[in-house]
Amino acid sequence: MKRNALGRGLDSLISMDDIQSDATTQGINDIDIKQITPNPDQPRTTFDNAALEELAASIRELGIIQPLTLRKIDDDNYQIISGERRYRAAKMAGLKTVPAYIREANDTELTEMALIENIQREDLNAIEIALTMSKLIDQYHLTQERLSERIGKNRATIANFLRLLKLPAEIQRGLRDKKLDMGHARALLPITDPALQLKLYNETLKKGLSVRQVEQLAKQYQESAKTGKDEGKKSSKRHGNEDFSILTNHLSKAFGVPVKFACDASGKGKITFAFNNDDDLDRIISIFDRLK
């Protein structure tokens, strides 16, 4: 019976019916491991050595239970569509040959198959998925809608993964290394200031914040940015404004006395003219009289 769980994704590219047909007509092939090369566009970029050692030990004991899926490059060479982890563990286990299904696939289908197979097995981290989706869109000129149809994921899911690539590199590395999950990362996205994103990211790691807590703090950060209630920022903006400095110098020269500006966080302030004697005061008054 053909699986429907993947919708128009993997089943449309590498269906169970096709695999069963291959097994019946061609059987599972034993392929020399030296003839196999990994897919350079493999979505998965990190492999846990300890987990590979465990898999290699299992392979030594029981063999490879699930065959690899390969595509034929030429008479003597094959490229992995799915099963690179099994391939690496088989090499560690010292196998000379591995069981495999041989499929036909172009470059686009090869990347799609590898992506879908890993997504369904939950072998990829969110950044690996996002990078592969982005590559498929850019390299093969796909729209998000078209990619959605090809891999059996709805468009909103694809958009959410792609948005993760807008986060600062440090946060992307944290997501890749599973220091935080996708829910935490998505909660950081509404914050538009990368510095604030990193601040909340580090706070999340330090305090072990939940996704809900990160969402609430992100909302507070955004509100603070919109309303200007961040006193530290406002103070810096008010008192360090270059325009104020220029105007102060201009008035001091025009009136011949020191002029100072004072401004509080609410925007209210005053301009002070200092004078040393009656002559200074008379000069200030006469200048104001001329300005009337």
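Start by selecting α4: its buried residues are E84, R86, Y87, A89, A90 and A93. Keep in mind as you look that this is a predicted model.

Now select G94, which follows α4 and has a positive phi, near 85 degrees. Next, click on K96, in the loop that links α4 (84-93) to β5 (97-103). Is K96 buried or exposed? Its relative accessibility is 64%, and because exposed means over 50%, K96 counts as exposed.

Leave K96 selected and show its surroundings. Setting aside residues up to four places away in sequence, K96 touches I31, D32 and I33.

**Zoom out.** With the whole protein in view, you can trace 15 helices and seven strands. There are 292 residues in the protein, and 39% of them are buried. Of the contacts between residues at least 6 apart in sequence, 64% join residues at least 24 apart.

**The α7 and α8 pair.** Two packed helices are described by the angle between their axes and the distance between the axes. Select residues 144-151 for helix α7 and residues 155-163 for helix α8; they pack at an angle of about 110 degrees, and their axes are 9 Å apart. With that angle, α7 and α8 are roughly perpendicular to each other. The crossing of α7 past α8 is right-handed. To see the contact itself, show the side chains of Q144, E145, L147, S148 and I151 on α7, then those of R155, I158, A159 and L162 on α8. Colour these residues by type and you will find five nonpolar, two polar and two charged.

**The α9 and α11 pair.** For the last stop, select helix α9 (residues 169-176) together with helix α11 (residues 194-207). Here the packing angle is about 35 degrees, and the axes are 9 Å apart. Which residues of α9 meet α11? They are E170, I171 and G174, and their partners in α11 are Q197, L198, Y201 and N202. Colouring this contact of α9 with α11 by type gives three nonpolar residues, three polar and one charged.

Note on methods:
Residues numbered from 1 in each chain as written. Predicted model: local features only at pLDDT ≥ 70, side-chain atom pairs only at ≥ 80, totals over all residues. Heavy atoms only, no water. Helix = DSSP H or I, 4+ residues; strand = E, 2+ residues; numbered from the N terminus. Buried < 20%, exposed > 50% of the residue type's maximum accessible area, 1.4 Å probe, protein only. Contact = heavy atoms within 4.5 Å. Axes fitted to C-alpha atoms, helices over the stretch in contact; angles between N-to-C directions. Parallel < 35°, antiparallel > 145°, perpendicular 65-115°, else oblique. Left-handed = near helix turned anticlockwise from the far one by under 90°. Nonpolar A, V, L, I, M, F, W, Y, C, P; charged D, E, K, R; others polar.
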